[in-house]
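I opened the notebook to record what I looked up in this structure. The entries follow the order of my reading.

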Amino acid sequence: DLKFDAPKRDGAVNEMIQLETNLKQQKTLELRSLAWVTPRINAQPSRLMVNTAMKNNFRGFIRISNLGKTPVKVLGATADSPEIKVKLQTAKEGKFYNLLVTIPGDYRLPPGGNLITVKTDDHRTPILRIPILAYSSMRRPLRRPVPRPKVLMQEHKLTPHKTDAGRSAK
């Protein structure tokens, strides 16, 4: 049986695990454990990335999930700019909620981005903050491919060659 306590924190966990064995040569075995502990109440994606090169309206989807046993209600969700619209939908009361985010095509995010604030009735996680960040997918012009010389393959018949002693080599 393998039993261990769950980590007390969310995020990246890097721990050593000691296993007892029945081997005389090695009574204990140490294993490195790398894991990601998902927060009990979390947003996926944890941030919205908006392509600033696009001129169309941006529409994003965020799922708020409660991975715990106690139901949690999302009370509301707002963006820090009135131009960014956030619509809250209940997918499964107490467990899953959806945020539909709309950003006008002519809106320009500030240098640090924007923020969506989600309020819950949970005493341990009353607020979730979801950043909205900008990136640009403007690509450089494609370079013309460099011409490569053609390699011609010719079939050659292999024949044994003579060694210094005059015998055929194998």
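**Entry 1: Ser65.** I began with the contacts of Ser65, leaving out residues up to four places away in sequence: Ser65 touches Arg40, Ile41, Asn42, Lys95 and Phe96. Contact here means heavy atoms within 4.5 Å. I placed Ser65 in strand S5. Is Ser65 buried or exposed? Ser65 counts as buried because its relative accessibility is 10%. I noted the cut-offs: buried is under 20% relative accessible area, exposed is over 50%, and partly exposed lies in between, with a 1.4 Å probe and protein chains only.

**Entry 2: what I am reading.** The model is predicted, so I kept in mind that local features need pLDDT of at least 70 and side-chain atom pairs count only at pLDDT 80 or more, while totals for chains, interfaces and linings use all residues. Residues are numbered from 1 along each chain as its sequence is written, and side-chain values use heavy atoms, with hydrogens and water left out.

**Entry 3: the chain.** I counted 0 helices and 10 strands. Helices (H or I, at least four residues) and strands (E, at least two) are DSSP runs, numbered from the N terminus. Of the 170 residues in the chain, 25% are buried. I also looked at contacts with a separation of 6 or more: residues 24 or more positions apart account for 54% of them.

**Entry 4: the sheet around S5.** In which order do the 4 strands of the open sheet run? I read the order as S3-S5-S8-S7, with antiparallel pairing. S3 and strand S7 (85-92) are the edge strands, each pairing on one side only. From one strand to the next, the twist averages 20°; axes are lines fitted to C-alpha atoms, for helices over the stretch in contact, and angles run from 0 to 180 degrees between N-to-C directions. Two strands pair if DSSP finds at least two bridges between them. Strands of a sheet pair through backbone hydrogen bonds, either parallel or antiparallel.

I then went through the pairs. S5 (residues 58-66) and S8 (residues 96-103) are joined by 8 bridges. Within this pair, Gly60 stands opposite Val101, and Arg63 stands opposite Asn98. On the S3 side, S3 and S5 pair over 4 bridges, again antiparallel. There, Ile41 has Asn66 in S5 as its bridge partner.

**Entry 5: the second largest pocket.** I looked up its volume, about 180 Å³. The pocket is found on a 1 Å grid over the protein atoms alone, as an open set of points where a 1.4 Å probe fits, with protein on both sides within 12 Å along at least five of seven lines; lining residues have an atom within 4 Å of a point. Its lining includes Trp36, Ile41, Asn42, Leu128 and Arg129. Which strand gives the most to this lining? S3 does, with 4 residues. S3 (41-44) and S10 (127-135) each supply at least two residues.

**Entry 6: Thr117.** Last, I found Thr117 in strand S9 (residues 114-120). Apart from neighbours within four places in sequence, Thr117 is in contact with Gly76, Ala77, Thr78, Ile127 and Leu128. I also checked Thr117 against Val86: they are 31 residues apart in sequence and 9.9 Å apart in space, C-alpha to C-alpha.

Key: Points joined across faces, edges and corners; volume = space filled by probe spheres on them.
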